[in-house]
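Try each task before reading its solution.

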Amino acid sequence: MKRVIIESPFNGKNQRNKIYARACVQDSLMRGESPLAFHILYTQKGVLNDDDPTQRKLGMEAAFDWYECAHAVVVYEDYGVSYGMAQGIEHAKKLGIPIERREIFKDA
């Protein structure tokens with residue numbers, strides 16, 4: 001399976017973005033990929049607090065450490081590109097990892 005890192009806009013307080021992030025993971029799985037969405041994983045209650053700058057930085061650094069294992073970084077753009085997503089895109093570019101851009105609602 002193709003290993004992909006999912007980038008989608010996320011704010012733990014924004015229910016729409018939580019639902020969208022899960023839809024992005026589902027879309028990737030339905031394409032036969034093996035996705036990781038660290039922004040969902042690391043911001044779960046009891047893991048890291050995304051509102052704490054130190055913990056947010058730790059989460060991003062931990063996620064970036066996995067990028068070299070990915071075949072691609074997939075950017076879901078239906079709701080735009082957030083600051084955190086832009087950082088992930090730049091990190092992927094530095095490592096030479098292919099970046100794929102997708103919209104899952106474009107045909108809806």
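The exercises below look at one helix and then at the cores.

Ground rules: this is a predicted model, where local features need pLDDT of at least 70, side-chain atom pairs count only at pLDDT 80 or more, and totals for chains, interfaces and linings use all residues. Numbering runs from 1 along each chain as its sequence is written, and side-chain values use heavy atoms, with hydrogens and water left out.

**Exercise 1.** Work out which residues of helix 3 are buried and which are exposed.

*Solution.* Step one: helix 3 covers residues 53-66, with helices taken as DSSP runs of H or I, at least four residues. Step two: apply the cut-offs, buried being under 20% relative accessible area, exposed over 50% and partly exposed in between (1.4 Å probe, protein chains only). G59, M60, A63 and F64 come out buried. They sit on the same side of helix 3, because they cover an arc of only 135° around the axis, taken from the directions from the helix axis to the C-beta atoms. Step three: T54, K57 and D65 are exposed on the other side, while E61 is partly exposed at 44%.

**Exercise 2.** Find what covers the buried residues of helix 3.

*Solution.* Look for contacts, meaning heavy atoms within 4.5 Å. The cover includes helix 2 (38-41) and helix 4 (83-95).

**Exercise 3.** Describe the largest nonpolar core.

*Solution.* Start by joining buried Ala, Val, Leu, Ile, Met, Phe, Trp, Tyr and Cys residues through side-chain atoms within 4.5 Å. The largest such set has 14 residues, and Y67 is among those with the most contacts inside it.

How values were computed:
Helices (H or I, at least four residues) and strands (E, at least two) are DSSP runs, numbered from the N terminus.
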